[in-house]
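Work through the exercises below with the model open beside you. Try each task before you read its solution.

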Amino acid sequence: MSNIPSAAEPRPAGEWLSPTEALGRFEPPQGAGLVVAEEAVERVRYGFKVGSLSLLVGPQAGSEVGPLAPIAGIPNSPSWLLGMINLRGNLVPVFDLARACGLDASRASAEPGGEESAAKPMILVFDKGEKAAGVLIDGFPRALTGLRRAGQLTGLPEPLARHVPAALAAADEVWFEFDHESFFGALLDSGAG
Amino acid sequence: MSKKALVVDDSPTDLANMKTILTDAGCLVITATNGREAVAKAKAEKPQVIFLDIIMPDMDGYEACRLLSEDPATKGIPVVFVTSKGQKADQVWGQMQGAKGYVVKPVTPEKLVDQLKAVG
């Protein structure tokens, strides 16, 4: 039972259209079309590399970065869950995105706690407290500005594709915006199953 | 004219030490004990420089620095991290949050006054 008249029914003068009807009646002006413009993204973002992937997160997403710390493995856990690190008394899970995405995870080996360099693996920690999660990344993150919408989302590994809402370009490189919260959620759901 | 400096640290000892050093260097010093309080005091007091610890309860220095550098009211205030986190990664990450300087504890008058001069 509904008080909203259907589209086929005659409508008394002055009565509001339903949202569906109103949207359905819209016709773009002649000559107007959908234009995917290159839109500048002004805010600084952090770019980081995982294997061949170049990923981006917002400035509030990454809480800190550090050299590869000793990781305590968890028996019978999926291969993409490397284990836990002790971050000032807080246990933080560390994920290997490359393995989770089925990429070649070959990286320059580094001794935990060794002198870090641009190419060595590091741990980028997302969020804080109980939500904190670390990922293994290749080298330091980079602060990127002047990014432009690239428009195409191609070449993404399937496990990552649903968690990348946009591709942005800086200089000659395309960076994929990474929704870490939804990715980690999906990863843990798949691991629990 | 004396400089107004905001010093932020959850350690009363470090806070008192830095306050003494900066007061002796001619600064007018205001203090806060966590990042959230620091952001509020920076907006209200408009200091000319902020000395900010990183590991603090409630809101850490990284987050406070990000908020300060994004807010038009405070983004012009130079932030110097003063911390026991002494690895290169920490310094690089600190710069990426918008800090203009980095002092590794223990704090000495030379280190702090050098940073005070360096940030103008």
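The model is predicted.

**Exercise 1. Give the strand order of the open five-stranded sheet in chain A, and find its edges.**

Solution. 
- Step 1. The order is S4-S7-S8-S6-S5 in chain A, and the pairing is mixed.
- Step 2. Look for strands with a single partner: these are S4 (62-67) and S5 (81-87) of chain A. They stand at the edges, so one side of each has no neighbour in the sheet.

**Exercise 2. In which sense do S4(A) and S7(A) pair, and over how many bridges?**

Solution. 
- Step 1. Strands of a sheet pair through backbone hydrogen bonds, either parallel or antiparallel.
- Step 2. S4(A) and S7(A), residues 121-126, pair in the antiparallel sense over five bridges.

**Exercise 3. Describe how chain B meets chain A.**

Solution. 
- Step 1. Count the residues. Chain B brings nine and chain A brings twelve.
- Step 2. Assign the chain B side to elements. Helix H3 (61-70) and helix H4 (88-96) of chain B each supply at least two residues. H4(B) gives the most, with five residues.
- Step 3. Sort the chain B side by class. Six residues are nonpolar, one is polar and two are charged.

**Exercise 4. Trace the partners of S3(A), and say how covered the strand is.**

Solution. 
- Step 1. Take S2(A), residues 45-50. Five bridges join S2(A) to S3(A), and the two run antiparallel. Phe48(A) has Leu55(A) of S3(A) as its bridge partner.
- Step 2. Inspect the hairpin of S2(A) and S3(A). Two residues lie between the strands, and Gly51(A) takes a positive phi near 60 degrees.
- Step 3. Take S12(A), residues 173-177. S3(A) and S12(A) pair in the parallel sense over two bridges. Leu56(A) stands opposite Glu177(A) of S12(A).
- Step 4. Check burial. S3(A), residues 53-57, is mostly covered, with four of its five residues buried.

**Exercise 5. Which residues touch the most other members of the largest nonpolar core?**

Solution. 
- Step 1. The core has 42 residues. Those that touch the most other members are Leu55(A), Leu56(A), Val94(A), Phe95(A), Ile123(A), Leu124(A) and Phe176(A).
- Step 2. Ask which element contributes the largest share. S7(A) does, with five residues.
- Step 3. Follow Phe95(A). Beyond its neighbours within four places in sequence, Phe95(A) contacts Trp80(A), Leu81(A), Leu82(A), Ala100(A), Ala133(A), Val135(A) and Leu187(A).
- Step 4. Another one, of 32 residues, lies apart; among its members are Ala5(B), Cys27(B), Ile77(B) and Ala99(B).

**Exercise 6. Compare the radius of gyration of chain B with that of a compact globule.**

Solution. 
- Step 1. For 120 residues, a compact globule would have a value near 14 Å. Chain B has 13 Å, which agrees.
- Step 2. The C-alpha atoms of chain B fill roughly 30 × 30 × 25 Å along the principal axes.
- Step 3. Of the 120 residues of chain B, 42% count as buried.
- Step 4. List the elements. Chain B has five helices and five strands. They run β-α-β-α-β-α-β-α-β-α from the N terminus on.

Technical notes. Residues are numbered from 1 along each chain as its sequence is written. Chains are lettered from A and ligands numbered from 1 in the order in which they are written. This is a predicted model: local features need pLDDT of at least 70, side-chain atom pairs count only at pLDDT 80 or more; totals for chains, interfaces and linings use all residues. Two residues are in contact if their C-beta atoms, placed from the backbone, lie within 7 Å. Ala, Val, Leu, Ile, Met, Phe, Trp, Tyr, Cys and Pro count as nonpolar, Asp, Glu, Lys and Arg as charged, and the others, Gly among them, as polar. Two strands pair if DSSP finds at least two bridges between them. A residue is buried if 20 or more other C-beta atoms lie within 10 Å of its own, exposed if 12 or fewer, and partly exposed in between; C-beta atoms are placed from the backbone. The radius of gyration is taken over C-alpha atoms; the globule rule is 2.2 Å times the number of residues to the power 0.38. A nonpolar core is a set of buried Ala, Val, Leu, Ile, Met, Phe, Trp, Tyr and Cys residues joined through C-beta atoms within 7 Å.
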